[in-house]
Amino acid sequence: MVGAALSLTAATALASPLNLARMDGLRGDPVHDGAFALYWNPAAVARPGPSFGLHLQGLHREATYDRVAAWNDVSPDEAAVNAGRAHVRGLGVVPALAFGHGWAFGEFDAGVAAGWYLPLAGVANWDKAPGAPADAPGAYDGPQRWATIQSRLMVQSASLALGGRHRPTGLSMGLAPVLHLGSLSTVRARTVDRTDDLVDIEGNPKEGRLLFESSDVAFGYIAGLRWDIPPALLSTPLSLGVTWQVVPDLMLDGTARIAYGTAEPFKLSARLPFPLADTLRAGAALGLSQRVTLRPSFEWARWSVLGRQVAVANADDTPLLEIERDFSDAFGARLRGEVRVTDTVTLLGGGGWDFGPTPSRTHEPGLAEGDAWEAAAGARVALNERVALSTSLIWHQFLDRTVRDSVQQPTMNGVYTDHRRYLTLDLEVH
Amino acid sequence: MTRSALPLLLALTTALACGRTPRDDYDDYLSRADRQALDTGPAADGASPPAWRDVTGSWLLQAKLALGNSIWLRVRMCAERAAPTQVDWDRCDPALGPGPLMVRMWLDRQSMATDAPIVETRTEVDAQGRFLLVADPLRLPKEIIGFELVARVEMQATTAPGGAWCGDATGEVTSPPGIPLDGSTFAALRDPDQTLTREDTAWDCRGLGVDSPDAAPTADAAPPSDAGPTTDAGPTRPESPDLGTVTSARADLTGHYVLTANLPIGLPLQLWLSLVSAYGEAPDAPGTLNGAVHAITAAPGDAALVTFTTSLSPDGRFEVWLPGATLQSTLGPVEADILLAGATLDADHFCGQAAGQVVRPLPLMLDGTLFGAQRFVPGQPAPPPAEALTACPSSP
């Protein structure tokens, strides 16, 4: 259900729906070595000295869904309220904070870092349709309302990372236990029989609303390995990193408020299992010259865990909402590069491709992402030896998608467009 | 603590996202649809068409019986769980749509938590919010309406806007027989904490501000009556019962009597009669009988319910016509047009037959009602109906 409507800022940095982790912009990858290593690769927190990172991410999303009447068995007399073009546009700001310290012990380095960030989030508030027929009170919420009207998903994480490095070999490893605070609030149109009927056979209003507000707390962890290949082994500077991020399945528990047809609205305790994908990331930083570094990265997110979402009443497991997901694993690849144009200014750029997890048949205006490409540019300015400021602009364009095989109830066939832009600003002290 | 911190953190992280929440959209829809959320109180409108509403939970029900008596019941309805009739009464699951519910009823003075229900039944709420409650048997102890009642009661209910339900009741009284239920009405108000009082309740749909599906009587309308029309000229005196088979003898009836009658519905009726009789000196001279009728529970000095003057035949027969009399009975106040035809058995006993009709609290023809009377001392216990003279010895 519920998960259903997470869209707006549901961005994908790499191949994970809802992924908002863009700490340190274009330098955010498994070979990141700043304070946000506690997320990108805890092995890199083992760096002597203090570190601090402050991240601000501004994001903008604009998406449309054209619910085609003929593809969704919408009768002509209901087309004005159950078909047509829906639009969502939104802005958001996401902060993150991390700090740490490292020490040298002979040939070994050790470090610790703590931080708070949002790895996953989605806020979507679809535009209203003020011109909708007044005799259909639900139509004001737009033709996409059967999948989502507005949703807010937040997964906030607090983490404490520990890392160690053997300096002569360049090998390091780290582990970051993570406390996740998840919350979801979403509302959608709903009928008892999962149709988009406005009235029943006797002409009584049938459309209703389902609001689900919930939260959960869970623990996960991120484990990382890193190898800064010693010059003795390779003259070209090369760092390799790999991380395994284990995200717990959330059991979002809260209250469902339901108004069916003309029935008296009621509320009840309910829960929604929300499995989240574990993620494998791998990346490298290859110094092609003293001024140019390439940063390829790869990500695999196990979204196949999200098969079918069913929100149920806590009292007796009565299904309140069933949403077909049938996600597949998601993959993403990036190639980014850095060019140090002066001693203090470095230009950043890159691009990538995501293979999204959502099949056409379960695509809907809420939680769904298909394939997408990304292009980005940025800069990093060293204010002094210890302080640097960086920024990046990322354009994330999803391929337009035409869906005619929807298995959602009611069906969500139609044409989808989606693009997102992210502007990151990072202050780094090390 | 972590969960309580979520809203603050969310506010920080979504500062620019938007000010509206999903809850706002939900509430706005209810407003547009002229609906009101359950947790913000009941709706106040009364003109919505019949529709399904969740009626699970606890209710205080008032039923106005055709007799005129009101009874109050506590009703708890809960959705079935995995299997039919399987209910967790403590948790009382809500209904998610039309379907079966389990129902329990208690007297309003009882505790729903500790007392056994007087009725447990099952009902099915349809898509229009209608359901039939069958209480079979419904046993009411004597102190509720003045006599013990056992009945099969069928309450045809419809849910009303604002979280209430109401309707008309029919059925059959098995004990005592003959009491009609048709015309009874009821209404129930949600009372989750058992805080409502009898004064808070209504007894029909109009009392809730909605129309009964079956045109229930209005709150202030008279109960239905089969007594036939009355005119401004007053009730018509019925034909005199035939006491030809009863031997009557002239005797001085002056004194106090307890009159016991068995009404056609099987209910005993006892009255206290104070009589003064006088005959002419001639053996065949007629006489005069003056009387006052008291409730059997009245004490000396209490005002009479009605007084009368009639004539005595030379052999001690008399007729007393009491149109529009208001008597106090075990049913409560009784309005009746009563003709008593009596025969004197001896100076301590008389008997006879009644005619006429009871108008309130229930329409009841009195033809064929027998009675007997025997002397007693006011202020002392009257003989119980089972031990009292209730008919003439020679009566068929």
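This is a predicted model: local features need pLDDT of at least 70, side-chain atom pairs count only at pLDDT 80 or more; totals for chains, interfaces and linings use all residues.
The story begins with helix α2 of chain B, which spans residues 22-32. Its buried residues are B:Pro22, B:Asp25, B:Tyr26, B:Tyr29 and B:Leu30. Because these residues cover an arc of only 135° around the axis, they lie on the same side of α2(B). The buried residues of α2(B) pack against strands of chain A, namely β3 (108-125), β4 (150-166), β5 (171-190), β6 (208-228), β8 (250-259) and β9 (266-274). Just after α2(B), the backbone takes a positive phi of about 55° at B:Asp34.

Such angles deserve a second look, since most residues other than glycine have a negative phi, and most peptide bonds are trans. In chain A, a positive phi is found at A:Asp24, near 65°, and at A:Asp73, near 55°. A:Asp24 sits in the segment before α1 (37-40) of chain A, whereas A:Asp73 belongs to the loop between β1 (49-67) and α2 (79-82) of that chain. With a relative accessibility of 4%, A:Asp24 counts as buried because the cut-off for buried is under 20%.

One joins A:Gln409 and A:Pro410, with omega about -5°, and A:Pro410 lies in the loop between β17 (387-403) and β18 (414-429) of chain A. Another joins B:Asp136 and B:Pro137, with omega about 5°; here the proline, B:Pro137, is in strand β5 (residues 130-140) of chain B.

How values were computed: Residues are numbered from 1 along each chain as its sequence is written. Chains are lettered from A and ligands numbered from 1 in the order in which they are written. Side-chain values use heavy atoms; hydrogens and water are left out. Buried means under 20% relative accessible area, exposed over 50%, partly exposed in between (1.4 Å probe, protein chains only). Helices (H or I, at least four residues) and strands (E, at least two) are DSSP runs, numbered from the N terminus. The arc is that of the directions from the helix axis to the C-beta atoms. Contact means heavy atoms within 4.5 Å.
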